[in-house]
Amino acid sequence: MSLHENVRTRTRPGFLTRSIATAGSIALLAGLLMAPAAQALPMETGTVTEPAPAPADPAPVDPAPLDPAPVDPAPASDGEPSAVATPTETAPAEVTPEVTPSETVPTETAPAAPENISLPVIEGDAVVGGVLTSTGGQWNGAGWIQYSWIIDGAPVQTAGHTVGEADVLNIVPSMAGKSVQLTVVASSDAQTAGTEASAAAVTVRPAAFTGVVWSNAVAGRPAVGQELSVGTPQWDNSVSQGALAYQWFRGTLAIGSATTPRYTVTPADVGQKLWAKVTLSAPGFTSVELSSAQATGVSATFITAPVPTVSGTARVGQVQTANAGTWAPGGAVLSYQWYRGTAAIAGAVGRTYTTSAADYGKALKVRVRATKAGYVTVDRLSAARTIAAGTIVATKALTVVGTHRYGNTVKVSQGWAAGTTIRYQWYRNGVAVRGGTGYALYFNPSYIGSRVNVKVTVSKPGYATRSVTTGAVTVGRALINLKTSPRITGATSLGSVLTANPGTYSPAPSAYAYQWYRNGAAISGARYRTYRLTAADNGRSITVRVSASLIYSDTRVTMSPALKLPVWAVTVLRGDGTYRVGTQIKPGLYKATGTGSGCYWERLNGFGNTLDDINANYFGSARTYVQILPGDVGFRSSGCGAWTTVPSTGARATSITRDGTYRVGIDILPGDYFGSGTSSTCYMALLTGFGGTLDDIYDNYFGSSDVVVTIPSWARGFEVNGCGTLVRG
């Protein structure tokens with residue numbers, strides 16, 4: 001292949017080539033000769049320059065069409081802005097002045113394209129930080145060369161120089177590994193079209209670090225919890241280029257997040273090879289990897305491993321507590337094993353241990369074992385302690401339960417630890433009872449009056465024997481147990497006979513004794529099972545005391561429930577007459593016992609037989625009451641029969657059939673009463689007292705006996721006369 005086969009002729013970018021075809025008319029040529037010549041504009045690299053606009057006048061003349069000369073366009077490189085030759089343009093029409101037929105227009109001829117003699121060559125070392133140069137090759141007819149540097153198809157630098165002047169490209173890190181191409185266009189000058197040629201491409205190599213110095217030693221002890229470190233590499237241009245990255249490895253596996261010059265050994269590193277890789281890198285440089293020496297991870301040892309101590313009483317049955325002390329560093333798991341002499345005690349693996357009979361007289365110690373991930377396991381033994389005999393402690397106080405009386409059996413109540421042997425000995429008046437070696441003792445009659453106690457002796461292997469003696473208690477007679485209480489039966493009227501029912505007992509008594517009481521005071525001579533009521537018992541409470549007796553037993557004395565006697569009516573005045581209050585009759589409420597309707601009485605403040613001597617009076621039915629007051633001097637009665645004290649009980653009737661005065665709640669019950677008689681002279685009165693005064697009348701009525709009356713519970717009395725029968729509804 002000749003040197004001219006890679007050379008192409010093309011129009012320089014931005015340069016317009018003009019060619020004008022000859023016309024068949026001399027007049028047209030003359031007009032063109034007189035027109036201003038079309039001028040090429042100065043070129044700017046990579047820019048198409050537009051022609052100057054034509055003058056606005058004179059009016060344009062349509063010229064003959066021009067055939068543009070064909071131009072071979074140069075192909076555009078990949079990634080480079082295309083410097084494509086612009087097709088030949090027709091010059092703008094200009095006003096052609098009149099010319100004479102003898103004038104002619106000369107034809108403008110384009111200059112010849114430069115001819116390449118030697119292709120351009122890229123000179124210099126294609127390495128990051130280096131410089132590439134080129135003089136553009138050798139040409140005939142060239143005075144100007146346009147340079148285009150292209151990196152992996154993308155233009156990065158364009159410049160123009162006169163022939164022979166070199167262009168320079170500085171290689172930066174971003175060009176590492178990329179292809180560098182150079183394309184030149186040679187022309188006669190900077191404004192004319194030229195011929196393109198390309199140099200052979202070169203590939204940029206990364207730069208290399210120089211003067212790298214590093215000690216691969218690993219500093220530090222490779223024990224768990226300890227820190228390892230590597231030094232910092234040095235290289236020639238460490239100030240301006242390069243960065244360091246660290247990575248620690250466990251064997252062949254990178255340790256996550258361990259990316260600094262320092263690394264703390266973990267339990268996972270025990271037995272593993274530990275090393276670091278340092279990577280030196282920079283943009284445009286070939287990375288340098290440096291590997292450190294290897295260190296094998298080992299277990300750490302505890303900083304402090306104290307000797308344990310044991311607290312607690314060194315006796316059988318006592319709790320022993322191991323005190324491990326403070327281990328450093330913290331986080332250790334402590335386990336325990338207790339030893340009897342040199343033999344491990346099965347199951348005794350807690351911090352505490354309760355000594356048993358097997359430990360009596362033996363040397364007891366505890367082993368504390370500390371374990372922690374990544375640390376050497378360490379055992380520490382406490383000092384031995386000799387275990388003395390234990391003390392037997394009662395779980396329940398020793399007592400004697402039961403009644404210390406003839407016919408009863410008493411027993412020992414106690415509580416001791418399991419495995420304890422118990423022995424008993426009973427004593428009577430300080431002398432051991434023959435055969436009294438059981439936990440219970442029966443009292444026969446011979447024990448009555450004796451003082452009895454018991455001694456309990458307890459023993460257990462590995463423990464000191466212990467004896468406990470109870471206090472002495474005097475044995476009494478048997479008890480007669482009451483099953484049902486005594487009670488009184490019989491009528492409660494004056495002169496009636498009351499009978500004492502003694503009740504029931506266990507065991508059954510052999511004899512009974514009685515004593516009767518009136519209002520809590522013993523009635524003289526009333527010491528039999530029966531008792532006749534007298535006037536002194538009127539309204540009183542009667543009780544009887546029953547004493548039940550049996551051989552070898554204490555007498556059982558029981559009081560019956562009280563029998564409340566009613567108040568009996570006692571005659572205080574026998575008939576008509578005037579009586580002195582205080583001597584012949586006492587103040588109080590009295591009831592007349594007559595049957596007629598002509599009863600008259602007076603309460604007197606004197607005996608002058610004048611009206612002024614009368615405090616109050618009454619005339620009516622002999623079925624009536626009178627309240628004699630302490631201020632009264634005398635009392636006069638006529639036609640009323642005898643006067644008696646007022647009983648505490650009454651008929652509590654619900655119908656009224658006879659005239660008279662009645663106590664509400666005693667003689668009659670309160671409520672609504674209905675009368676159905678035909679009398680028109682019915683009289684009724686609600687009474688608040690029985691003194692015979694108007695103040696004693698709360699309300700009264702006089703009229704038809706066909707009536708309904710309400711007797712309230714608060715009323716003391718109700719007086720009725722001429723009303724027939726009243727019935728409670």
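Trainee: Does phenylalanine 635 count as buried or exposed?
Mentor: This is a predicted model, in which local features need pLDDT of at least 70, side-chain atom pairs count only at pLDDT 80 or more, and totals for chains, interfaces and linings use all residues. Residues are numbered from 1 along each chain as its sequence is written, and side-chain values use heavy atoms, with hydrogens and water left out. Buried means under 20% relative accessible area, exposed over 50% and partly exposed in between (1.4 Å probe, protein chains only). With a relative accessibility of 1%, phenylalanine 635 therefore counts as buried.

Trainee: How many aromatic pairs does the structure hold?
Mentor: Rings of Phe, Tyr and Trp (its six-membered ring) pair if their centres lie within 6.5 Å; planes under 30 degrees apart count as stacked, over 60 as edge-to-face and the rest as tilted. The number of such pairs in this structure is 16.

Trainee: How many residues apart are tyrosine 625 and phenylalanine 690?
Mentor: Their rings form a tilted pair, with 5.4 Å from centre to centre and 45° between the planes. Tyrosine 625 is in strand 53 (residues 625–628), and phenylalanine 690 is in the loop between strand 59 (682–687) and strand 60 (697–703); strands (E, at least two residues) are DSSP runs, numbered from the N terminus. The pair links distant parts of the chain, and its separation in residues is 65.

Trainee: What is the relative accessibility of phenylalanine 690?
Mentor: Tyrosine 625 is buried, at 3%. Phenylalanine 690 is buried as well, and its relative accessibility is 5%.

Trainee: Why is the pair of phenylalanine 635 and tryptophan 643 edge-to-face?
Mentor: Tryptophan 643 is buried, at 0% relative accessible area. Trp643 and Phe635 belong to one aromatic cluster with Trp601 and Tyr618. The ring centres of phenylalanine 635 and tryptophan 643 are 5.5 Å apart, and the pair is edge-to-face because the planes are at 85°.

Trainee: Which arginine side chain makes a polar contact with glutamate 602?
Mentor: Glutamate 602 is in strand 51 (residues 599–604) and is buried, at 7% relative accessibility. A polar contact is a pair of N or O atoms within 3.5 Å; within protein, one must be able to donate a hydrogen and the other to accept it, and residues adjacent in sequence count only if both atoms are side-chain atoms. The side chain of glutamate 602 has such a contact of 2.3 Å with the side chain of tyrosine 600. At 2.7 Å, its side chain also makes one with the side chain of arginine 636.

Trainee: Which residues have the most contacts inside the largest nonpolar core?
Mentor: A nonpolar core is a set of buried Ala, Val, Leu, Ile, Met, Phe, Trp, Tyr and Cys residues joined through side-chain atoms within 4.5 Å. The largest one has 51 residues, and those with the most contacts inside it are Trp248, Trp338 and Trp426.

Trainee: What is the omega of the cis peptide bond from serine 506 to proline 507?
Mentor: Proline 507 lies in the loop between strand 41 (504–506) and strand 42 (511–518). Most peptide bonds are trans. The bond from serine 506 to proline 507 is cis, with omega near -5°.

Trainee: What is the phi of asparagine 609?
Mentor: Asparagine 609 is in the loop between strand 51 and strand 52 (614–620) and counts as exposed, at 64% relative accessibility. Its phi is positive, although the residue is not glycine, and is near 60°.

How values were computed. Helix = DSSP H or I, 4+ residues; strand = E, 2+ residues; numbered from the N terminus.
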